[in-house]
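Here is my note on the model you passed along. Please read it with the structure open.

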Amino acid sequence: MITFDISLIEKAFENRELLKDAAVQNEIRNIIELLDKGEIRVANQCGGEWHVNEWVKKAVLLYFPICGMETVECGPFEFHDKIPLKHGYAAQGVRVVPHAVARYGAFLAPGAIMMPSYVNIGANVGEDTMVDSWVTVGSCAQIGRGVHLSSAVTIGGVLEPVQAAPVIIEDHCFIGASSIIVEGVHVEHEAVIAANTCITGSTKIIDVTGPEPVTYTGRVPARSVVVPGSYTRHYPAGDYNVSCALIIGQRKESTDKKTSLNSALREYNIS
């Protein structure tokens, strides 16, 4: 049975002197252990809506000051940090290729694969998801099942402010190489993001498939096929192109969830 005392975390977050109390430290460590096992998470989906568990983020923030710097040696490699490395991958059914690193407090579900990459504390990576080479999954990011994070993708992290939503990539999304998804952007299920697409919380995401453009910010609608784009903006010094993301179509039912990015884009004659 999962048990924890949220009130202790809330009180310690307001009064850091309470971090000297052994009971408070034990409760913080208990929550980080549950986070590491995937038994709790920073954000949950309920009734189609995502909700941030602020108290979990508070526990992560409080974990840093109660941990001391330690040297960790892995064969010829040495690390010096407050947060230990995640371990026990074989028992968890996770494939981890050298030089992949995940911090304790990050959860990787069975079937997940980490190529040489990095997953930070608080992140949750779903079943059968590929974290490809040189990918960074930031703190508290929520990555769904069957997702492919292609080479050199950056998924932003967030700890503060505690009420801020993390980046959310829902099930069966494909994020193209060198794309950047940050500032709490929500990519809904089965979306396909082309290589080199940068989406921040303020990036215009423009659906150009209809007679009139439809603009979103902070959210990529389900099954959208998205490519990098630009639009013209007027400034006192003249007109300049500003980066945006363009929704050029919808992922078709005929497209398998495991499709490659190239296959999905060829349906729209995009190389």
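The points below run from the whole chain to single residues.

1. Ground rules. This is a predicted model, in which local features need pLDDT of at least 70 and side-chain atom pairs count only at pLDDT 80 or more, while totals for chains, interfaces and linings use all residues. Residues are numbered from 1 along each chain as its sequence is written, and side-chain values use heavy atoms, with hydrogens and water left out.

2. Overall fold. The chain has 5 helices and 26 strands. These are DSSP runs numbered from the N terminus: helices are H or I of at least four residues, strands E of at least two. The radius of gyration is 20 Å, close to the 18 Å of the globule rule for 271 residues, so the chain is as compact as a globular protein of that length. That radius is taken over C-alpha atoms, and the rule is 2.2 Å times the number of residues to the power 0.38. Along the principal axes, the C-alpha atoms fill a box of roughly 65 × 45 × 40 Å.

3. Of the 271 residues, 48% are buried. Buried means under 20% relative accessible area, exposed over 50%, and partly exposed in between (1.4 Å probe, protein chains only). Among contacts with a separation of 6 or more, 37% join residues 24 or more positions apart; contact means heavy atoms within 4.5 Å.

4. Cores. The largest nonpolar core holds 35 residues. Such a core is a set of buried Ala, Val, Leu, Ile, Met, Phe, Trp, Tyr and Cys residues joined through side-chain atoms within 4.5 Å. Val137, Ile143, Leu149, Ile155, Ile169, Ile181 and Val187 touch the most other members. Beyond four places in sequence, the residues that Ile169 touches include Ile143, Val147, Ile155, Ile175, Ile181 and Val187. A second, separate core has 27 residues, among them Ala12, Ile31, Ile40 and Val42.

5. Val153. At 0% relative accessibility, Val153 counts as buried. Its C-alpha atom is 7.4 Å from that of Ile175, 22 residues away along the chain. Leaving aside neighbours within four places, Val153 contacts residues including Trp134, Val135, Thr136, Ile175 and Gly176.

6. Thr200. This residue is in the loop between strand S21 (198–199) and strand S22 (205–207). Thr200 is buried, at 17% relative accessibility. Outside four places in sequence, Thr200 is in contact with Val182, Glu183 and Val185.

7. Phe79. Strand S4 (residues 77–81) carries Phe79. Is Phe79 buried or partly exposed? Phe79 is partly exposed, with a relative accessible area of 32%. Not counting residues up to four places away, Phe79 touches Glu70, Thr71, Val72, Cys74, Leu85 and Val101.

8. Backbone checks. Most residues other than glycine have a negative phi, and most peptide bonds are trans. Please inspect these exceptions. The peptide bond from Pro98 to His99 is cis, with omega near 5°; His99 is in the loop between strand S5 (95–96) and strand S6 (101–102). The bond from Glu160 to Pro161 is also cis, with omega near -5°. Pro161 lies in the loop between S15 and strand S16 (168–169).

9. Positive phi. Glu190 has a phi of about 65° although it is not a glycine. Glu190 is in the loop between strand S19 (186–187) and strand S20 (192–193), and is buried at 10% relative accessible area. Arg223 has a positive phi near 65°. Arg223 lies in the loop between strand S24 (219–220) and strand S25 (224–235) and is buried, at 15%.
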